[in-house]
Amino acid sequence: MDSIETPRLVLRNFRQEDAADLFAYLNNPVASCFVSLKLATVDDARAEASKRSGSDEYIAVCMKNTNALIGDLFAVSEDDTYSVGWNFNPQYGGAGLATEAASALFRFLFAVKDARRLYAYVEDYNISSQRLCERMGMRQEGIFKEFVSFKKSDDGFPIYENTMQYAILRWEWEKTMRYVDP
């Protein structure tokens, strides 16, 4: 993927030197959907950064002025539809950086990749991701009760979570969003 620049960010492929910053937010993921990506060591983070560097599905989100990795986006193609998502280091929350990054990704997917539809799954307790979906102009399409389990209880039983689905069509984006200011 070619790099995408926004006023404060650079979206690009992962690099080996992203390992320490990747470890900073994946050694203790905030959202349970990222528990399977939990990294125990910096060596694990090096391996994950290397794996991600060979794929356009994971997109590194870096501060333009320091090149520090602050999170990542993903976009998985299903023909003209993309499953999208994000995972950011909580230290960078509250500054509109996730909105700026997601807006750039959405513009890229609609304009360059000719996406027709984007959708995201969000846990019902993840209010910040729900708000980001809404800032992106996505509408809630439904809620899946006890949809998926990422964790087990102390006695080994799956803990199921309610998951919301948000989506936006290209014509909806073009009509109302085009660019979302951070």
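**Figure 1. Overall dimensions of the predicted model.** The C-alpha trace spans about 50 × 40 × 30 Å along its principal axes. The model is predicted: local features need pLDDT of at least 70, side-chain atom pairs count only at pLDDT 80 or more, and totals for chains, interfaces and linings use all residues. Residues are numbered from 1 along each chain as its sequence is written, and side-chain values use heavy atoms, with hydrogens and water left out.

**Figure 2. Secondary structure and contacts.** The protein holds 5 helices and 8 strands, in the order β-β-α-α-β-β-β-α-β-α-β-β-α from the N terminus. Helices (H or I, at least four residues) and strands (E, at least two) are DSSP runs, numbered from the N terminus. Of the contacts (heavy atoms within 4.5 Å) between residues at least 6 apart in sequence, 63% join residues at least 24 apart.

Figure 3. Buried residues account for 47% of the 182 in the protein; buried means under 20% relative accessible area, with a 1.4 Å probe and protein chains only. Cys62 counts as buried because its relative accessibility is 0%. Cys133, also at 0% relative accessible area, is buried. The structure contains 0 disulfides, a disulfide being a pair of cysteine sulfur atoms within 2.5 Å.

Notes
Buried means under 20% relative accessible area, exposed over 50%, partly exposed in between (1.4 Å probe, protein chains only).
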